[in-house]
Amino acid sequence: MMAIGIGGAGNKIAAKLDSSATLFNVSKTEMDKITGEDLNRINAPVHAASGQYKGSRMNPKIGKTAYLAIQNELHEMIGGNMVISSTGGGTGNGITTGILEDITAVDEIEVQNKTFFCLVLPYDKLESAEYVKNSIDFMQGPLAEAIDSGNTGNIVLFSNQCKFEEKIAEDEYNQMIVDSLNVFLAIPDKNDRLKLLDGHIDHEDFNLFISKPFFNHFNYFDYNPAESFEKQMDANANKLLLPPEDAIEAMFLLEVPKGGDPTIFYGILEYFKSMKVSPIYSVVENPDLKKPFITVSRLYSRKPYELVDEFNKINEQNVQAKVDKSVEQHVELPKLEVSLEKEAKVAGKKRGVGDDVIATLKRIGKL
Ligand SMILES: Nc1nc2c(ncn2[C@@H]2O[C@H](COP(=O)(O)OP(=O)(O)OP(=O)(O)O)[C@@H](O)[C@H]2O)c(=O)[nH]1
Ligand SMILES: [Mg+2]
């Protein structure tokens with residue numbers, strides 16, 4: 001599976017994931033800063049005088065225009081591959097919108113030609129309102145429609161929440177995203193390479209799983225069979241991803257150390273049974289391990305508009321906070337000066353005590 005990185009974030013993450021990734025960007029300068037001899041860099045030209053070097057300036061319309069120039073090239077490339085993009089800016093959002101609209105318009109796409117999408121969402125509490133708005137439009141519009149058409153592969157929703165909350169350097173965070181993705185993507189290779197103890201996930205099984213038009217939340221951890229699997233799943237959710245909804249389908253790979261008990265997976269099946277999910281799975285022996293290690297993927301189909309609903313709520317709160325701040329800073333100052341004197345007069349008149357009250361207040365230093 002080749003990585004295709006679109007826009008700033010998509011370029012940087014794709015290049016880390018795949019040394020021969022293809023990068024698309026409106027901004028040639030931004031793209032040329034990414035090192036890698038085998039990268040295939042494609043400039044998506046925008047004929048506005050400002051576009052070429054500055055990117056799309058958070059405007060998805062510019063990205064969409066650029067898409068038209070590279071549509072044919074991209075069209076041939078995306079089948080069976082992975083598209084990586086952020087949703088907040090103009091380039092990645094606009095070009096990925098073009099891709100999704102094309103996918104939606106097709107009757108049916110075969111399993112081996114589905115596209116796997118990795119999207120990086122902004123952290124709505126700290127990132128700019130434009131990024132959040134663009135992301136909402138993207139999820140409500142082209143992404144929702146592509147999912148409804150059934151023509152996308154899995155969609156992984158990375159979030160920048162953890163990056164901001166834990167103050168992680170961008171490059172390091174991108175590496176975390178790539179390392180995490182690689183744990184999931186290694187499932188079929190580990191099945192090839194390691195001794196099978198139970199079940200089997202071959203490349204075809206894996207490709208079928210990732211070709212489904214659902215959101216994919218994957219996580220992994222050292223599994224302690226003496227403790228509740230459910231608790232361990234909750235404690236080890238993938239913090240780089242948006243939290244999952246109830247699983248529709250699932251897959252897991254359990255690696256046990258040499259001579260380890262291969263039957264511990266039955267307990268895991270019980271967990272999925274209670275959720276009415278029958279996962280595909282395999283158990284392998286990994287001589288490099290000291291403890292059992294599990295990689296799980298859950299597919300869920302929360303409608304993008306519900307996701308967006310949450311985004312919208314937070315966005316509204318942010319807008320409200322901004323309004324409050326501007327009121328405090330620009331309106332309330334003169335209001336404070338409105339003067340206690342006037343208010344005291346009003347209060348005094350109400351009580352029928354006239355100027356006495358004002359005199360009293362003056363004396364005690366309130367005016
Ligand atoms: N995790 C991560 N997020 C990034 C990175 N670069 C940008 N972002 C996020 O991506 C969003 C902005 O999108 P970019 O990818 O810079 O935008 P673009 O697609 O290049 O579009 P324009 O810059 O408007 O042309 C924001 O939410 C950023 O926080 C990165 O290297 N890593
Ligand atoms: Mg950019």
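Is Tyr281 buried or exposed, and how many other C-beta atoms lie within 10 Å? Let's find out as we tour this predicted model, in which local features need pLDDT of at least 70, side-chain atom pairs count only at pLDDT 80 or more, and totals for chains, interfaces and linings use all residues. Residues are numbered from 1 along each chain as its sequence is written, while chains are lettered from A and ligands numbered from 1 in the order in which they are written.

View 1. Tyr281 is buried, with 20 other C-beta atoms within 10 Å. Helices (H or I, at least four residues) and strands (E, at least two) are DSSP runs, numbered from the N terminus. Setting aside neighbours within four places in sequence, Tyr281 is in contact with Gly199, Met251, Phe252 and Phe265; contact here means C-beta atoms, placed from the backbone, within 7 Å. Look for Asp205 as well: it is 76 residues from Tyr281 in sequence, yet the two C-alpha atoms are 9.9 Å apart.

**View 2. The whole protein, for orientation.** You can trace 15 helices and eleven strands here. Of the 367 residues, 39% are buried. Among contacts between residues at least 6 apart in sequence, 76% join residues at least 24 apart.

View 3. Among the buried ones are Gly92, Ile95, Leu100 and Ile103. Their cover includes β1 (3-6), α1 (7-17), β2 (22-25), α4 (60-78), β4 (82-86) and α6 (129-149).

**View 4. Where α1 meets α5.** The two helices pack at an angle of about 85°, with their axes 6 Å apart. Axes are lines fitted to C-alpha atoms, for helices over the stretch in contact, and angles run from 0 to 180 degrees between N-to-C directions. α1 and α5 are therefore roughly perpendicular to each other. (Angles under 35 degrees count as roughly parallel, over 145 as roughly antiparallel, 65 to 115 as roughly perpendicular and the rest as oblique.) Gly7, Ala9 and Gly10 of α1 meet Thr91, Gly92 and Ile95 of α5. All eleven of the eleven residues of α1 are buried, so this helix is largely enclosed by the rest of the structure.

**View 5. α5 beside α6.** Here the axes come within 8 Å and cross at roughly 20°. That makes α5 roughly parallel to α6. From α5, residues including Asn93, Thr97 and Leu100 take part in the meeting, and from α6, residues including Phe138, Pro142 and Leu143.

**View 6. α1 across α8.** The axes of α1 and helix α8 (residues 170-185) come within 9 Å and cross at roughly 50°. The two are therefore oblique to each other. Lys12, Ile13, Lys16 and Leu17 of α1 make the contact with Asn174, Gln175, Ile177, Val178 and Leu181 of α8.

Note on methods. A residue is buried if 20 or more other C-beta atoms lie within 10 Å of its own, exposed if 12 or fewer, and partly exposed in between; C-beta atoms are placed from the backbone. Two residues are in contact if their C-beta atoms, placed from the backbone, lie within 7 Å.
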